[in-house]
Amino acid sequence: MIKTYFKQAWMLVSENKLLSILSIAGTALAISIIMVIIILLRAKTADCEPEVYRSRMLYVKWTAIVAKADSAVKSRNMLSLYDVREAFYPLQIPEAVSANYSYGEVLLSVPGMDEEVNCDMMLYTDAAFWRVNAFGFLAGKAYDQATVDAGLKQAVVSESVARALLGGVEQAVGRLIHVNFVTYTVCGVVRDVNKFAEWSYAQVWIPYTTNSELARINPKAWGDGHGGRFRCQILARSRADFPAIRQELTATMHRMNDASPDYYLDIMEQPDDFLHQLLHDMGVGGEPFASVILRYTLIIFVVLLVPGINLFGITQTRLRKRMSEIGVRKAFGGTKNGLIYQILVENFLLTILGGAVGLLFSYLCIGMMSGWLLASSLGGVATMSTSMISPWIFLVALLFCLVLNLLSAGIPAWRIMRTTISHALNEKR
C-alpha cells in the first residue's frame, strides 16, 4: 500500500512541476538554514581535539581589580600569575588546573638559515596545559613540570610549522628554532589545531617561565599583584564536581583577597562552563544563557514557519483541484483516515526531497561562504572536520522534515476531508 502511495505521489510531483519545485525549494531553504545553524553551533561547542574535555571544563578569563576603600575604583583585567598560584593551583577537587597566556603573532626562523615563518599565535603555558587538553602528538612529547620549573627553552610546534620550517615532522624534534629571535629546542610536534579551539589554538607553545617578565610575581605592585595576562582552565573529574569546585575556589579567593591590603580580585561569578564562557564579554558579563536559547529557538521557529505556510498553501491548492477525486474515493468506501494518510505520504515525499536538497545545499553554503560562516574570533577562518559533523544532525534535519510534513499537509488534509461527498463531487467546499 505504501509503495502505491509513493507511486501516486511521484506522479503528482511530475504532473505539477511548478508547485512541486516551489514546495521542494521552500523546504530545502528552511532545512539548509537550520542545518548551517546546527553544524556551526556544534563545531564551536562540541568536544573536539585538542579540547576534548569541554563538557567537564570550567573557565576563568576576565577579572576586575577593586579597591577595598572604594568599590567604584576598579580595573578590568585578566588573571596574574600571582592570582593563579594563590587561588587556582591550590585547588584539590579538580583533576587538573592550567593557566596560559595567548601572546599573538611571532616570527619563527631556524638558526643559520634564511627561511622565516610568520606564526599567527603563540601560547605561553604551564605543564598542566597538556593534561587539560589532548593534543595529537605526531613526534616527540610535551615539556614537563621540571622543564617549566627550570625555565628551559623548549617548544612544541604544529605540523604545518614543522613542515614549512624544519623539513618535516620527524626531522623537527631536537632542532633549534628562533622564536622572535630567542632560541628554543623543539621537543614535540602536534597536529594542526582548529581555530574553533580558541583556548588551545596556536602554532607554537612554550613554557611561560621562559619569559622573565611574565613569570614575575610582585604582590606589592599596583593592585596588590592582582591582574595580568593569564586565563585559567579547570578540569573537573565530572560535571557533578562543578558546585564543589566553585565553592573551593570561593574559599581560596577569600584567603587570597584577605591577605591583600588595598585591593581584591573579583572573578565575577566565574568559573563558567564552556557555553557560558562564550557569552562572557570582557568581564562585564554577557547575554543571559536563557535569552540565547530563546533567540535560537525563535529563529528556528520562524525559519520553519515560512516554508510551513508555503507548503500549507500549496497543499490546499492541490487538494482543491482533487476535490472530485476525493469525493469519488469517499463514495466508494474510502475512509477519512486512509485518505489523510495518503495525502501525508504524498506530501512527505516532497518534504524528503526538499530535505535532501537542503542537506546538500547546507554543506555547499559552508564551503562557499566559509569566509564569514567559519570566522574565528582569533582571526582568519576555522576549518570543518568530520568529527564535528554528527549523525545526530541528520536525524534532527529529518525531524524537521516530519514537522514540516505534519504542519503543512495534515491540517489542510483534515479540513478537506470534512467536506461532504456531494460537495466534493461538485468541487465545492
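## Cysteines

Cys232 counts as buried because its relative accessibility is 0%, where buried means under 20% relative accessible area, exposed over 50% and partly exposed in between, with a 1.4 Å probe and protein chains only. Cys119 likewise counts as buried, at 0% relative accessibility. With a disulfide taken as a pair of cysteine sulfur atoms within 2.5 Å, the count comes to zero disulfides.

## Basis of the model

The model is predicted, so that local features need pLDDT of at least 70 and side-chain atom pairs count only at pLDDT 80 or more, while totals for chains, interfaces and linings use all residues. Residues are numbered from 1 along each chain as its sequence is written, and side-chain values use heavy atoms, with hydrogens and water left out.

## The chain as a whole

The chain holds 15 helices and twelve strands, which are DSSP runs numbered from the N terminus (helices H or I, at least four residues; strands E, at least two). Of its 429 residues, 48% count as buried. Among contacts (heavy atoms within 4.5 Å) between residues at least 6 apart in sequence, 77% join residues at least 24 apart.

## Helices α3 and α8

Helix α3 (residues 81–88) packs against helix α8 (residues 242–258) at an angle of about 120°, with their axes 8 Å apart; the axes are lines fitted to C-alpha atoms over the stretch in contact, and angles run from 0 to 180 degrees between N-to-C directions. That angle makes α3 oblique to α8, since angles under 35 degrees count as roughly parallel, over 145 as roughly antiparallel, 65 to 115 as roughly perpendicular and the rest as oblique.

On the α3 side, Tyr82, Asp83, Glu86, Ala87 and Phe88 meet Leu249, Thr252, Met253 and Met256 of α8.
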